[in-house]
Amino acid sequence: MTTETKRQDGSGAATSQDSLSVVDNRTGKQYEIPIEDGTIRAMELRNIKVDDEDFGLMSYDPAFLNTAACRSAITFIDGDKGVLEYRGHPIEQLAEKSSYLEVAYLLIHGELPTQDELAQWRHMITIHTFVHENIKEFMQGFRYDAHPMGMLLASVGALSTFYPEAAAIKDTETRYLQVIRLIAKMPTLAAFSFRHNQGKPYVYPDNDLSYPANFLSMIYKMTELKYEPDPRLEHALDVLFILHADHEQNCSTSAVRGVGSSQVDPYSAVAAGVAALYGPLHGGANEAVLRMLRRIEKTENVPDFIEGVKAGKERLMGFGHRVYKNFDPRAKIIKAACDEVFEVTGKNPLLDIATELEKIALEDDYFISRKLYPNVDFYSGMIYEALGMPVEMFPVLFAIGRTSGWIAQWREMIDDEEQKIARPRQIYTGPRGLDYVPMHERG
Ligand code: CMC
């Protein structure tokens, strides 16, 4: 609670150590604002007023660069040290030892499952992979070359019309069923979108296969009776899903929380997340990396390209991050996964250019002084391409992995008693009180 003390001789009243002393120079009043968890509550600022009529002070933070909008126990990031943990577990260990479905369980439930819990979880996800036949039919109504991400966005939102009971978001049992359905059906919707875009028949889920293998089957199966992916590709895809599963309050997760705060059903909230991920600044950087590598063409051209970046003519795509000021831990893991995939598919010729770029950039003072390191997107595009995915599928693959994070964050928000409908404030900059002018008098 803010306390107000009259400032005397600039000294103020006795202050607590865990507080911020603020002097409003408009009035000369001093305020003590408690500091908790390294933050002050923005609402405390409202007590700072010029007079009783005053609305009170607000903070202005476009793009929420320095505003914590929630308390969360799901994902921890230390950008300076390059640390990423899901529910306290380092991403490196999860990528090496776990599976995507186990990680999804961890994100949703908060703890790693026992063997029985994992078996039950896998079973539940597996038996919910099919979608209603009407969904298939309405997807067939999209234009022949529709972007798969646009199709995914529409079809996830449409699930709410198939499961109207999902509106009961406070009913824990009903809510849990929607969590299962979302994680289970996302790959099916994604694969149907891909097949539609390719003009190929949709492939139904194969419930004998693992989560990533079933996805690959729905993507690639043609006339064979059973599709069996190379286990190395299956594993690499699973690792990619793990790496993308959550990344705390990024743009799409904030969209899911923001839209979900209206208490809409989770399908509609997750559709908002897919929409946010559709944007090139969020889900599209790996495509930009591939375009850049193709433009560089060969390793001999790397030094010239780097000079162009340093002169401000170019951006080194796949480098730098708003949060990580050190190696993005996901980039290291993806680099290792590249080797596994290229063993099967043959090396992507762009890898040599990427490796040379990384080597030179990591030794160059321009990048060192700005703390620019490879991010998750520097290598992910090359793996997706090696897996035979067109660039339109890159954000779709991201969305499959991120679904468990979105839905874990959505559940946490619904149960958080401090949360209300998201409703930011504004600084109004337009005119006021204008009179309506009849059309014939407007000049
Ligand atoms: N290449 C060259 N210079 C760069 C780069 C880059 N990729 N990124 C930042 N800089 C420079 C920037 O010009 C600035 O230099 P100066 O101080 O001389 O003006 C300095 O580094 C600080 O950059 P910034 O723009 O303030 O950093 P930011 O936190 O606003 O931007 C970023 C982060 C990711 C948008 C940016 O690094 C970037 O555009 N990277 C390339 C695109 C990319 O790879 N995006 C994927 C991000 S990871 C996806 C995910 O986690 O979801």
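Colleague: Let us start with one side chain. Is D328 buried or exposed?

Modeller: This is a predicted model. In it, D328 is buried, with a relative accessible area of 0%.

Colleague: Which residue forms a salt bridge with D328?

Modeller: R330 does, and the closest N and O atoms are 2.9 Å apart. R330 also counts as buried, at 3% relative accessibility.

Colleague: And what about K335, with which residue does K335 form a salt bridge?

Modeller: K335 pairs with E358, with 3.3 Å between the closest N and O atoms. K335 lies in helix α13 (residues 329-345) and E358 in helix α14 (residues 350-363), so this pair ties together parts that are 23 residues apart in sequence. K335 counts as partly exposed at 32% relative accessibility, whereas E358 counts as buried at 8%.

Colleague: Which residues do salt bridges with shared partners join into one network?

Modeller: That network consists of E36, D37, R41, R71 and E418. Within it, R71 forms a salt bridge with E418, the closest N and O atoms being 4.0 Å apart. R71 lies in the loop between β3 and β4 and E418 in the segment after α17 (394-415), so the pair ties together parts that are 347 residues apart in sequence. R71 is partly exposed, with a relative accessible area of 43%, and E418 counts as partly exposed at 46%.

Colleague: How many salt bridges are there in total?

Modeller: The count comes to 23.

Colleague: Changing topic: which residues come nearest to the ligand?

Modeller: Of the 17 residues around the ligand, R315, L316, G318, F319 and H321 come nearest. The shell divides into 7 nonpolar, 4 polar and 6 charged residues.

Colleague: What does the side chain of H321 do there?

Modeller: One of the polar side-chain atoms of H321 lies 2.8 Å from an oxygen atom of the ligand. For N375, a polar side-chain atom is 2.9 Å from a ligand oxygen atom. In the side chain of Y366, an N or O atom is 3.1 Å from a nitrogen atom of the ligand.

Colleague: How much of the ligand does the protein bury?

Modeller: The protein buries 67% of the 940 Å² that the ligand exposes when taken alone.

Colleague: One last point, on the surface. Which residues form a nonpolar patch?

Modeller: F55, M58, Y60 and I427 do, with about 440 Å² of accessible area together. M58 lies in the loop between β3 (29-34) and β4 (75-78) and is partly exposed, with a relative accessible area of 33%.

Technical notes: Residues numbered from 1 in each chain as written. Predicted model: local features only at pLDDT ≥ 70, side-chain atom pairs only at ≥ 80, totals over all residues. Heavy atoms only, no water. Near = heavy atom within 4 Å. Polar contact = N/O pair within 3.5 Å; in protein donor to acceptor, adjacent residues only side chain to side chain. Areas by Shrake-Rupley, 256 points an atom, 1.4 Å probe, with all protein chains shown as cover. Nonpolar A, V, L, I, M, F, W, Y, C, P; charged D, E, K, R; others polar. Patch = residues over 30% accessible without salt bridge, like charges linked within 9 Å, V, L, I, M, F, W, Y side chains within 5 Å. Salt bridge = Lys/Arg side-chain N within 4 Å of Asp/Glu carboxyl O. Helix = DSSP H or I, 4+ residues; strand = E, 2+ residues; numbered from the N terminus. Buried < 20%, exposed > 50% of the residue type's maximum accessible area, 1.4 Å probe, protein only.
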